[in-house]
Amino acid sequence: WRQYSVEFCGGTHVGNTEEIGDFVITSEESVSKGVRRLVALSGVAASAATDLAAHLYAEIASALKAPEADIPALVTTLQRQAGADNVPLRAKRRVQQAVLELQAKFKAFEKTQKQQGVGAIDAGAIAADLVAKAAGGPIIAKLENVTEDQVRSVTDSIRTMVTSYAVMLACAADDKATFVAVVSDDLIKKGLKAGDWVRETSKIAGGGGGGRPSHAQGSGKDVTKIDAALDKAREIAAGI
C-alpha cells in the first residue's frame, strides 16, 4: 500500500480512535484524476445512519414479497429513502440491487398480464384524477375493469401524491366486491382507522375485512352492494 498516496482528514483530531465511536461510509466519489474521496459519519450520526440502514433492509425485504402490482410505488419509495445524505453507502448499493430485481419482477408480471388478457392501467393517472376530484376531501370511489392488485397500485400512487389522505377504493373482480383503504397518520389520530373503516364498509356488501390503521382490505359476496357500501364509507369518513 505504500505505493499509494493516502490522506485521512477527520477534522478535529482525537487522542484515540475509540473517541470516534461508530463509523459509517456514506459516499465514494471522484475528486480528480486518480483521486477518490470517501465521505463518512461518526459517533451519534453514524449510529443513526446504521439504524436507517436497518429500516431500509426491512423495507427491501417487504418489497420483495409484495404483490407485483405494488412494485412501481415501492420502487419510488425505496429510491426516495435511499437518496438521503445520511444513508450508508452499503445500504444505497443494496437498494440499487433490489430496485433492479423488482423492476425485472414487474416486467415479468406485465408480460403475464398481457398473455392472460388483463388490461394494463395507468395507476398514476387514475390516482391523479381521483385526487383532483376529491379536492382535499376523502377519496372514495369504485374502479371499473380492474383487478385487486391494480386497485392497490392506485392507492399506493395516491399516497405518493398527498400527505394527508383517507382513501377507500372498490372494485368488482372474480365475482366478489373488494375494498382497499389507506389512511394517513394525521387522520388516524382523529379517529379514522383503515381496519375499522374497511370492516364496516365491507359488511354492507355481505362480507368483512380488517388490517392496520394505516392500510386494510376487505371483501363482500354481493357486488351489487358496492355503491351502498361506499355510501357507508362516506358516512364514516364524514365524521372525522
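**Stop one: a surface patch**

Select F23, I25 and L38, which together make a nonpolar surface patch of about 280 Å². Patches here take residues with over 30% relative accessible area and no salt bridge, joining nonpolar side chains (Val, Leu, Ile, Met, Phe, Trp, Tyr) within 5 Å; a salt bridge is a side-chain nitrogen of Lys or Arg within 4 Å of a carboxyl oxygen of Asp or Glu. Areas come from the Shrake-Rupley method with a 1.4 Å probe, and for residues only the protein chains shown count as cover.

This is a predicted model, where local features need pLDDT of at least 70 and side-chain atom pairs count only at pLDDT 80 or more, while totals for chains, interfaces and linings use all residues. Residues are numbered from 1 along each chain as its sequence is written, and side-chain values use heavy atoms, without hydrogens or water.

Now zoom in on I25, in strand β1 (strands are DSSP runs of E, at least two residues; helices are runs of H or I, at least four; both are numbered from the N terminus). I25 counts as partly exposed because its relative accessibility is 31%, between the limits for buried (under 20%) and exposed (over 50%).

**Stop two: the hairpin**

Show residues 23-32 and 35-42: β1 and β2 run antiparallel, joined by eight bridges (pairing needs at least two DSSP bridges). S30 has R36 in β2 as its bridge partner. At the turn, pick G34, whose phi is positive, near 80°.

**Stop three: two loops**

Most residues other than glycine have a negative phi. A135, between α4 and β3, has phi near 50°. N145, between β3 and α5, has phi near 55°.

Note on methods
Patches are made of residues with over 30% relative accessible area and no salt bridge: like charges are joined within 9 Å, nonpolar side chains (Val, Leu, Ile, Met, Phe, Trp, Tyr) within 5 Å. Buried means under 20% relative accessible area, exposed over 50%, partly exposed in between (1.4 Å probe, protein chains only).
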